[in-house]
Amino acid sequence: MKASNPFWKSQLGDRVPSQMSTELDVYENEIALKKQGKIEDRVFAETRLRRGAYGQRYDNGQRSDGQITRKLQFPSEETKGPNTLWDAPGMQRIKIPYGGLNAPQLEVLADLCEEYSDGIAHITTRQDVQLHFIHIDDTPAIMRRLAAAGITTREACGNSVRNVTACPIAGVCREQVFDVTPYAKAIAYFMLGHPDCQAFGRKFKIAFSGCKDNACALVRLHDFGAIAATREVNGELKRGFELWVGGGLGPVPQQARLFDEFVPEEEILPIGQAIARVFARLGEKKNRNTARIKFLVTKLGIAEFKRLVLEERAILPYDPAWTAFLKDVPQEVEEPLKAPSLLQIDAAWPTASDRTGFDQWRGTNVYSQRQAGYATVTIALPLGDITAAQLRAVADISRKYVKETVRSTVEQNLVLRWVTEADLPALYEELTPHGLAVATAGTVMDVVSCPGTDTCKLGIASSRGLASELRTRLMTQNATQNATMHEAIRGLRIKISGCFNSCGQHHVSDLGFYGVSRNKNGYTVPHFQVVLGGEWTHNAGAYGLAIGAVPSKRIPETVERITGRYLAQRTEGESFQAFVKRIGKAECKAMLDDLTQVPSHDQDPSFYTDWGDAREFTIGDLGVGECAGEVITPIDFALVACEREVFEAQLSLDSGQFEKAATMAYESMLHGAQALLKFKFFFAPDDPEKIVPDFRTQFYDTELFFDPFARGKFAQDFFKAHEHGGRAASPEAAHQSIEEAQLFIEACYSCYARMSAAPVKAMA
Amino acid sequence: MIDPNQVQHINIKIFAKEPAAINLADTIPVFHNWIRNSVCEEMLVDVADYRHVPEGPGVMLIGHQANYSLDNREGRLGLLYNRKEALPGTFRSRLNQAFGAALRATELLEDEAPFRGKLKFNRGLTEIFVNDRLLAPNNEETWHALKPEIQEYFPGCHLEHHGEPRDLFRVIATTR
């Protein structure tokens, strides 16, 4: 697409390491072969995914304009994957291991987002950077320019080891056991392109944390999570890691299981390799919905999984790379640019009134490092977005105040490490004109969101639109209160996903939301499920559960109501999670009951559009369907009843009745299946032994129930629950059953929406 | 040696006169309507909302061959035409195409219901960018190569070369 694309290779010359240059030559050739029709769509799709070149919304060439679905007339009919048009804009994901960035890297990101994207670089919840609206023809030049700055996009997507994340304050954290940075870096480059990591059925995510209690690395939601630990061996303090495996979010969230309380530092890479081999050998390959390592760990049990890994470890051929990095660990320590010095605030601002903004910013965005006289400064980015000009400003500032020690965070921000305390006023003054000194870091105003319907193919509702709206309202509220928002509210976290896949990490938030849709009054209405009970701290210590769906346009009111109630009724020192537990989810749900109502389209059409989008909402090609009108069909009632049953199952679980909870969850699925059968045939059996096979024949075998992303997964969960008779062996299993039931009911809603839009009903 | 006729991806920004008079949110339905009614020469894809970004790209209309945006970079609101697809012809013809598309977009915006009487563009103040650092680095050599071409297209205008070497090549043309 860019006229300069053919010239970058010679321009950059040997600034691109030879191995990377060769890899990119191969990639460029693969593009050429695809254009000649010599590579299959599916193969090319995985090829580009493994280079971080991802699809984007509307790349199938269809888009609803709010009235009808239109064909997007891209110049070429060629494809870059199944149902993915060559010319359709895509997303380029860029791996940033442990979030570490230097000034030239910030500058190249600035250049790339300006020249190839829409002028914005987006920081993700896994410390990556994403560029959107990229043409596939531009990707080799983009990758070469990144490679010249020491950045790779290799295995940023696809069934591979994704970006290795770590605490952004590793090394400067007051509570860390030790700095995990060198270990995160070592495993990232050891696993990159490793032959044992090329045959996974799904992605594999790694995280490193310096301590157990804080949230920075979210270890327990990762496939492989390592927490720094030490142990005395023969009178010597040895470094190692508490190792967790099999965690993950998405449609079946699961907390990681403890693999070993202490894996010595010299064993972390070979154990990682052995785990990769076991995963590649025994992990599911055909059904992507059960292919993450968490399913393998569950299937085998952690003891058997560990046995297999250790058995594999014992036969691994020795690799010097396992320990070669260890000799460099002592030198891997970052250095400051300047000698430590303490803050002399009066010299900067003689009177307190002059420094109000600084004080607010210092209160939220400045962290005192373990090294006296130094601070880490967070640059809070709205929705993780940063412009090219801002990136260059950060690069300049990182040269002036620190030794280019910048990191991205899982809260979609940047941090500057090793700022002397004396420099804080000057730094604040330099960040301010660039819009980079917004005092929201680590507060309820710093809302996290996945891309959602803005660019993601799987998004159901506008997570970014909602995040932007909440951020604006909360910042306005804070400003009108002269920045005196109560500490109890200020410290809460809001995380939003556009769908159940949880890229916004809604499970581990105080207030989590994920996008769903509901059929109301003959229209499809954007909603968000409200997720409560999640714990962000303790490395994602607990996952929340959905208590009910609220129309998207009423989420701001939902936030106000829940936080208001918390503020008014919390006991002294009571955390938000403890408060939710004390008042109970039934009460939380009841608190929101009136907010679930949707006015008619005539009364308030705004409910039928999403935040930041003027089009009438749709989850596909659905416009105003044949069933438009005020009639509420029996299936509407039936599915609402199913939701209630799932919720009641949660209440049973909360009260310790896990077996009852699992049974109720299963029954809700059964009733959902029955409702669909009735909708299609006006009749359905009551006997579960007849409902299940009928559902299988009519909805599963025909793929009518299939989700575009998860395919038949939700139905398979239902069949599995039926086989078990809705029984669960533990509270964790019951928790999972509830999650599965919730998503099955969501899938029933989606199926119902699709059937309503299609002429199925008329035929029936 | 820079050959002007090899230079592609010319961007044009025409500034708004009273940016405070409009609500940027109103641009969103306008741009969706532009997609629905195919009002531009380019194939239009989607609308991107960056109002939350300080001094950012504002609201963008993403197209295949070009993007249009009510852009707020450097805190200066204006209509930005960002040509993505390369064009045949000469530098002059490409500049003419980009300026023409930007000019037409300003006229369309001024005539849209939410902006009528509020949004006015200053057509005597135009920013010309080249969105490709390799073809046109922001240096004296590019300036010397492109200045005669730009001056010929904007006769009588004062031209000023702006920015630092890291920036895109940028010239501001002001009516004398």
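**Reading a predicted two-chain model**

Modeller: Chain B has 176 residues, for which a compact globule would have a radius of gyration near 16 Å, and its 16 Å agrees with that. The radius is taken over C-alpha atoms, and the globule rule is 2.2 Å times the number of residues to the power 0.38. This is a predicted model, where local features need pLDDT of at least 70, side-chain atom pairs count only at pLDDT 80 or more, and totals for chains, interfaces and linings use all residues. Residues are numbered from 1 along each chain as its sequence is written, while chains are lettered from A and ligands numbered from 1 in the order in which they are written.

Biologist: How many helices and strands does chain B have?

Modeller: Helices (H or I, at least four residues) and strands (E, at least two) are DSSP runs, numbered from the N terminus. Chain B has three helices and eight strands, in the sequence pattern β-α-β-β-β-β-α-β-α-β-β. Its C-alpha atoms fill a box of roughly 45 × 30 × 30 Å along the principal axes.

Biologist: In what order do the five strands of the open sheet in chain A lie?

Modeller: Strands of a sheet pair through backbone hydrogen bonds, either parallel or antiparallel. DSSP must find at least two bridges between two strands for them to pair. In chain A the order is β7-β18-β19-β16-β15, with antiparallel pairing. The edge strands, β7 (100-101) and β15 (366-368) of chain A, each pair on one side only. Three bridges join β15(A) to β16(A), residues 374-379, and A:Ser368 stands opposite A:Ala375 in β16(A).

Biologist: How do the axes of α2(A) and α5(A) cross?

Modeller: Axes are lines fitted to C-alpha atoms, for helices over the stretch in contact, and angles run from 0 to 180 degrees between N-to-C directions. The axes of α2(A), residues 18-35, and α5(A), residues 139-148, come within 10 Å and cross at roughly 175°. These helices are therefore roughly antiparallel to each other, a label for angles over 145 degrees.

Biologist: Which residues of α2(A) and α5(A) meet?

Modeller: Contact requires C-beta atoms, placed from the backbone, to lie within 7 Å. A:Met20, A:Leu24, A:Tyr27, A:Glu28 and A:Ile31 in α2(A) meet A:Pro140, A:Met143, A:Arg144 and A:Ala147 in α5(A).

Biologist: How many residues does each chain bring to the contact between chains A and B?

Modeller: Chain A gives 36 residues and chain B 34. On the side of chain A that touches chain B, α4(A) gives the most, with four residues.

Methods: Parallel < 35°, antiparallel > 145°, perpendicular 65-115°, else oblique. Contact = placed C-beta atoms within 7 Å.
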